[in-house]
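Grab your viewer and work through these exercises one at a time.

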Amino acid sequence: MTALDRLLGSILTPVLGGASVKLAFFLAVFGLVISIWGAVARREDMIRSGKRAAYAVWALLLLAVLCLERAMIRRDYSLEYVVEQIDNSMPLYYRITALWGGMNGSLLWWALICASFTAACLTVNRNRFKELMPWVTATCCYVLAFLGLLVSFVCDPFLPLSESDPALGFAQLLAQTGDGKGLNPLLQTYWMTIHPPSLYIGYIGFTIPFAFCIAALVTGKVDQEFLRATRRWTLLSWSVLGFGVMLGAKWAYEELGWGGYWGWDPVENASFMPWLVATGYVHSVIIQEKRGMLKGWNVFLILLTFLLTYFGTFLTRSGIVQSVHAFGSGPVGGLLAGFVLSLIVVCTYLVVIRHKILRAENEIEAVLSREATFLYNNVGLLGFMVMVFVGTMFPVFSEAVYEISNGSIGNGKVVVGPPFFNPLAAIITIGLLIMMGIGQLVAWRKTSGAAVRRNFTVPLLVTGVSWIFFLVVLPKEQLASLPFKFPNPWAVAVLVSSVFVIAGIVWEYWIGVRSVQSSHSQEIETAWKSGTRFSPEFLIASGITGSILGWGLASVVLATFPLWTRLVFGGAVGIASLAAAGALSGASRPAFNVMQAAVILFVRNRRRYGGYITHLGITLAIIGITASSLYKIDESHTFTEGETHKMGEFDLTFKGLELRREPGMWRVMAYMRMDKNGEKFGVAYPERRHHDKGDQPTTEVSIHESALRDYYLILEAAADKRIPGSPDKPATVTIRLLQSPLVTWFWFGGVLLLGGTALAAWPERKRKEVTVAVTSPGGVAVPEGAAAKEHP
Amino acid sequence: MNTAKMKLLVGGVLIAGGMTYLGYLSASEAGQYAIGVTDYVTAPARYQGKGLRLAGHTVPGTWQTDGRKHLFTVAAAGGPGVAIAPDAPMIPVRFEGTMPDTFKEDMDVIVAGRMDGETFVATEVMTQCASKYQGVDGNYIETAIKKAAADRS
């Protein structure tokens with residue numbers, strides 16, 4: 001480290017970084033006050049000042065994050081946070097991601113993302129929603145002020161080591177060892193680079209819909225404008241949060257070595273609850289848009305979603321509920337509780353004074369209507385959230401009840417785990433799937449008997465056939481080796497409901513395609529004869545559709561190949577589709593064929609069918625979760641060197657134990673050969689890593705993923721004369737093999753969720769461009785929403 | 001209120017009622033008392049046969065395992081870093097399954113399961129996961145400082 005580095009490290013970083021966050025806090029307070037003042041007094045200059053303050057907060061927080069990142073990258077041990085998170089052996093990328101490895105840095109990172117969302121929202125809407133924007137700025141500034149307060153005065157990441165609490169021992173550690181404490185080995189993984197940021201973006205993104213909701217309540221404009229303003233922000237946050245939750249599950253699956261991905265831990269539940277409520281909101285908001293109903297309900301849902309993001313943070317950082325994740329219980333918990341409480345008071349007050357304008361303009365006319373199924377789904381999702389909330393808070397509630405009824409403290413705390421959550425989650429999921437399936441096939445307002453017959457007959461027939469299949473074929477083929485003879489009734493119910501959803505999607509789409517073909521053949525013919533090319537939308541849709549198909553195909557055909565092979569294959573099919581679409585677009589044809597009509601239907605109703613892709617993704621994920629949870633085969637055996645033993649479908653042979661020294665750790669790897677039906681299937685290297693820091697080894701499982709099942713090998717124990725403390729005998733290893741069907745469907749479903757939402761939320765082309773498209777063959781055939789008029 | 005709305009409301013109330021009842025049933029079946037070793041020892045009859053989440057401190061030198069089957073003893077302890085008192089109540093634990101990576105002797109753990117006579121039969125072992133907001137492990141700094149001092153001397 002040069003003298004200049006030391007100077008920068010010891011003076012500039014804490015001074016510049018620390019001053020930036022403090023100034024950001026004061027500017028956020030200023031932005032809050034001046035925006036409200038400007039809105040009330042209708043002073044443009046003040047409103048402008050509020051916006052500029054919000055931009056300045058963003059710039060200052062960005063500067064602060066850069067200062068801290070610099071300190072972490074350069075291993076500037078003059079800061080307490082750097083000593084806590086960094087050590088001499090950590091490579092660059094972990095030094096960068098360690099920014100959010102600890103409480104103080106993660107709060108600063110949280111504040112920066114919040115400020116970035118605020119700045120983006122102000123920029124995007126600089127010429128729109130004039131009446132709402134000052135209140136949006138004020139609400140965002142309130143949230144930023146709170147975060148700024150935490151980072152400036154409670155969890156300061158720029159605290160010099162010299163001012164650190166001696167009881168923590170950081171200064172002594174550095175003086176004695178010349179090294180920092182370092183990030184936990186479990187967090188030194190590539191998942192750390194993507195999972196926490198996804199969750200943060202998901203959580204924090206809800207600030208914008210929340211701010212618009214507050215603005216709408218204050219100004220009394222809970223109307224279409226408010227919906228337009230929040231739609232994309234909500235979809236972005238909702239899909240990224242869902243994807244982030246799934247990434248966390250994938251992380252747990254690959255890194256924690258217990259063969260599962262979800263344990264209903266309070267930390268997991270905290271991220272799941274806002275996602276459930278937001279799922280309800282993204283549906284019920286459509287009812288308000290189409291039918292002018294559920295205004296009050298939508299306001300309630302968006303407020304609740306935002307409050308739950310902070311309640312979850314409070315839950316896991318206050319120590320109120322014990323989690324297997326070790327979260328601090330410092331003053332942050334109390335401040336978060338105060339913040340959430342202040343928001344509850346403000347929201348309640350606003351809802352009460354505005355209750356008249358939150359009344360519905362229309363009423364539900366029939367039980368068999370799209371709005372009714374959406375409403376039931378909303379109730380189901382909210383019920384799901386309440387179930388997760390009650391289960392998570394059960395220790396607190398049960399203790400309170402015990403204390404009240406017995407008059408004594410302690411011993412009344414009851415904890416509930418997966419046996420409580422799983423059956424309830426299964427029942428609610430089945431109900432949600434059925435409603436999702438029905439909702440796709442019924443019309444707004446009411447559905448005629450003829451429409452019911454036309455839309456339901458085929459999906460119900462397919463569902464009936466699948467029911468027989470799951471009941472009769474599944475136990476014989478898939479479950480022959482399982483200890484029970486009959487398929488699990490829960491699994492059958494979930495799988496059959498899922499088939500109903502998928503059959504409904506396909507059938508509804510097919511009806512749409514046929515209507516495109518029949519209703520517009522004349523226009524299509526004229527357009528094709530003119531020889532003009534497809535619109536860019538068509539080409540993009542073809543490329544994306546091709547990529548998805550390619551990826552799906554690759555997942556089956558190239559199941560045993562590495563991930564990059566499948567990605568390349570999917571991309572190649574996408575490019576081929578793009579090229580084919582481009583070539584086709586120049587041809588001269590009398591009418592659209594099915595594939596062309598399908599793509600055009602999608603392009604012209606992107607919002608609707610993007611939503612269906614999301615439905616498909618969620619359904620596939622549910623199928624994956626059900627199959628992998630209920631039909632998992634779990635075996636364990638202790639091998640001596642050279643021994644072969646039959647486990648599941650394989651003859652497993654322990655070929656030897658490999659000990660490898662790498663920077664910062666010893667790797668103990670079991671070399672396992674896998675044979676299936678007398679032929680070599682592959683090799684696996686499950687391992688345990690013994691880190692120089694700390695005495696807790698980490699497990700690195702060996703996973704063989706495929707479209708139908710995952711083979712998951714865990715090295716539970718290893719003994720070898722080369723390992724200190726082991727007996728002087730041939731090497732032995734205890735191997736656990738898990739065979740979990742359809743796990744990859746869960747991950748693939750998550751990708752579809754994100755992709756489908758992106759397609760649905762991507763901005764539409766402006767009206768002028770649509771008019772131009774009407775004269776070209778590609779997009780013209782179907783005016784926006786035409787298919788929806790033709791069928792439900 | 002129109003007929004459709006009434007039907008929806010009745011349906012909603014029935015569903016909510018059904019879910020609440022199922023939730024109550026699940027909680028009664030699946031609920032586990034969260035207690036410490038001392039709580040159990042002072043009133044064993046109260047917890048016999050019931051689902052428990054027993055919090056305790058693993059006693060050094062008691063962990064025996066073949067990689068799959070585990071036997072160890074948990075004791076009441078004052079907290080992290082506080083030594084187990086000689087007269088502290090102890091309960092032997094039997095567990096078969098994959099032990100968490102973070103499990104070791106002389107640490108706070110929570111074991112979930114039921115008492116079978118004098119032994120606690122665990123179906124799950126939970127350690128305080130050395131995750132976010134906590135370093136490598138609780139004793140790392142102390143151990144590292146001692147090691148560095150010993151190396152120098």
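**Exercise 1.** Find which residues of α21(A) are buried.

*Solution.* Start with the range: helix α21 of chain A covers residues 594-604. Helices here are DSSP runs of H or I with at least four residues, strands are runs of E with at least two, and both are numbered from the N terminus. Next, apply the burial cut-offs: buried is under 20% relative accessible area, exposed is over 50%, and partly exposed is in between, using a 1.4 Å probe and protein chains only. Nine of the 11 residues pass as buried, so the helix is mostly covered. Those residues are Gln596(A), Ala597(A), Ala598(A), Val599(A), Ile600(A), Leu601(A), Phe602(A), Val603(A) and Arg604(A).

A word on the ground rules: this is a predicted model, where local features need pLDDT of at least 70 and side-chain atom pairs count only at pLDDT 80 or more, while totals for chains, interfaces and linings use all residues. Residues are numbered from 1 along each chain as its sequence is written, chains are lettered from A and ligands numbered from 1 in the order in which they are written, and side-chain values use heavy atoms, with hydrogens and water left out.

**Exercise 2.** Describe how α2(A) and α6(A) pack, and list the residues that meet.

*Solution.* Two packed helices are described by the angle between their axes and the distance between the axes. For helix α2 (residues 44-73) and helix α6 (residues 133-154) of chain A, the angle is about 35° and the axes are 10 Å apart. The axes are lines fitted to C-alpha atoms over the stretch in contact, and angles run from 0 to 180 degrees between N-to-C directions. Now the handedness: the crossing of α2(A) and α6(A) is left-handed, meaning that the near helix is turned anticlockwise from the far one by less than a right angle (clockwise would be right-handed).

Then look at contacts, meaning heavy atoms within 4.5 Å. From α2(A) come Ile47(A), Gly50(A), Lys51(A), Ala54(A), Val57(A) and Leu61(A), and they meet Pro134(A), Thr137(A), Cys141(A) and Leu144(A) in α6(A). Sorted by class, this contact has seven nonpolar, two polar and one charged residues. The sorting takes Ala, Val, Leu, Ile, Met, Phe, Trp, Tyr, Cys and Pro as nonpolar, Asp, Glu, Lys and Arg as charged, and the others, Gly among them, as polar.

**Exercise 3.** How many disulfides are there over all chains?

*Solution.* The rule is a pair of cysteine sulfur atoms within 2.5 Å. The count over all chains comes to zero. Check two cysteines to see why. The closest cysteine sulfur to that of Cys67(A) is in Cys155(A), and at 19 Å it's too far for a bond. For Cys213(A), the closest is in Cys347(A), at 7.4 Å, again too far. Both cysteines you started from are buried: Cys67(A) has 9% relative accessibility, and Cys213(A) has 1%.

**Exercise 4.** Work out the surroundings of Glu254(A).

*Solution.* First place the residue: Glu254(A) is in helix α10 (residues 224-255) of chain A. Next, check burial: its relative accessible area is 16%, so it counts as buried. Setting aside neighbours within four places in sequence, Glu254(A) is in contact with Tyr190(A), Trp191(A), Val701(A) and Ile703(A). With Tyr190(A) there is also a side-chain to side-chain polar contact at 2.8 Å. That term takes N or O atoms within 3.5 Å; within protein, one must be able to donate a hydrogen and the other to accept it, and residues adjacent in sequence count only if both atoms are side-chain atoms.
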